[in-house]
Amino acid sequence: MITSYNNKSVREVIQLGQKAKARNKAGLFVVEGMKMFAEAPADRIEKVYVAQRAQAGLWEQYGDRLGRLSCEIVADEVFDKMSDTKTPQGILCLVRQFHYNIEEMLTGKRGKIYICSMAGKEKNMGQAAKAATEKGKKQMLFILLEDLQDPGNLGTIFRVGEGAGIDGIIMSSKTVDVYNPKVIRSTMGSVYRVPFLYVEDLRAVARMLQEQGVGVYAADLAGAKDYDEFDYVKGTAFLVGNEASGLREATAACADGILRIPMEGKVESLNAAVASSILLYEAYRQRRKVVLSKH
């Protein structure tokens, strides 16, 4: 049992929770709580830490799963130091990071994890993407996020995106780290299942998607048409900008259409997660309507 604050594993978990640089160097991220542990792919779990006070209950509930993993019991006061939450549930684990490529997103093939850094490679994506879309004819759904900074917003977009059947989340390099513990908690497990990429040039990705027949729509208060006036049954990607400043003009200008979400009262804008939810579920609604009409 780990009883010292100075234990190497304790220091590692704290570093991984606090610093993106440490997470990227180790290729790991921290997951806390019973739901997040239960849904984590077992083959990606490196290590599990269980608080002494929660040991009996967790082994009763998850004994079979825990028995197949590398598990360490931690003194309660030390576990609380390792935890990033105010009321720890007594279990956390280290999970290997996910890495996806654009071909995987465009074909909807999520089974295999490809290790591929996309930074700086947008110019080379077109040919590979074309080959990928020729193999898979599914009408894709993406969201492109520019410089989002709020962890809760990003996590919620993952969760909503999964519910709406999204095929991938593509983020600018300045967007908050997806492996930030607050983002991870907010995804409620969707981070395990929704493909994502960080890219240096979001406009290049938008153009590449357009070349493959995907309509790109930018959410902006200056939009000329309401969001529900567009057709999202075809391949669709939504551009959503920073919480404070929105999309850059140059980014919005590359879209096929600029949309607005109408609002009553004195509300000036909706936060990024709410706006993304409205757009993604409008696309989902339109697609369900088409499917239902065929039956």
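Predicted model: local features only at pLDDT ≥ 70, side-chain atom pairs only at ≥ 80, totals over all residues.

Residues are numbered from 1 along each chain as its sequence is written, and side-chain values use heavy atoms, with hydrogens and water left out.

**The sheet and its helices**

Helices (H or I, at least four residues) and strands (E, at least two) are taken as DSSP runs and numbered from the N terminus, and two strands pair if DSSP finds at least two bridges between them. On this basis four strands form an open sheet with mixed pairing, in the order E1-E4-E2-E3. Strand E1 (28-32) and strand E3 (71-74) are the edge strands, each pairing on one side only. From one strand to the next the twist averages 20°, where axes are lines fitted to C-alpha atoms, for helices over the stretch in contact, and angles run from 0 to 180 degrees between N-to-C directions.

Strand E2 (residues 45-51) pairs with E3 in the parallel sense over four bridges, and Val-48 has Cys-71 in E3 as its bridge partner. Helix H4 (residues 55-67) packs on the sheet and touches E2, E3 and E4, with a direction that makes about 160° with that of E2; contact here means heavy atoms within 4.5 Å. Helix H1 (residues 8-18) lies across E1, E2 and strand E4 (91-96), and it runs at about 95° to E1.

**Cysteines and buried residues**

A disulfide is counted when two cysteine sulfur atoms lie within 2.5 Å, and a search of the whole structure finds zero disulfides. For Cys-71, the closest cysteine sulfur is that of Cys-93, and the distance of 9.9 Å is too far for a bond.

| Residue | Relative accessibility | Class |
|---|---|---|
| Cys-71 | 26% | partly exposed |
| Cys-254 | 14% | buried |
| Thr-251 | 3% | buried |
| Ser-190 | 2% | buried |

Thr-251 belongs to helix H11 (residues 249-253). Leaving aside residues up to four places away in sequence, Thr-251 touches Glu-146, Arg-203 and Leu-239. The side chains of Thr-251 and Glu-146 are joined by a polar contact of 2.6 Å, a term for a pair of N or O atoms within 3.5 Å in which, within protein, one must be able to donate a hydrogen and the other to accept it, and residues adjacent in sequence count only if both atoms are side-chain atoms.

Ser-190 is found in the loop between helix H9 (181-187) and strand E7 (196-199). With residues up to four places away in sequence again not counted, Ser-190 touches Phe-158, Arg-159 and Glu-162.

**Aromatic rings**

Rings of Phe, Tyr and Trp (its six-membered ring) pair if their centres lie within 6.5 Å, and planes under 30 degrees apart count as stacked, over 60 as edge-to-face and the rest as tilted. By this rule the count comes to 13 aromatic pairs. Phe-37 and Tyr-62 form an edge-to-face pair, at 5.5 Å centre to centre with 85° between the planes. Phe-37 lies in helix H3 (residues 34-39) and Tyr-62 in helix H4, so this pair ties together parts that are 25 residues apart in sequence. Phe-37 and Tyr-62 are both buried.

The rings of Phe-230 and Tyr-232 have centres 6.4 Å apart and planes at 25°, so this pair is stacked, and both residues are buried. Ring pairs also link Phe-29, Phe-98, Tyr-100, Phe-158, Tyr-179, Tyr-192 and Phe-196 into a cluster.

Key
Buried < 20%, exposed > 50% of the residue type's maximum accessible area, 1.4 Å probe, protein only.
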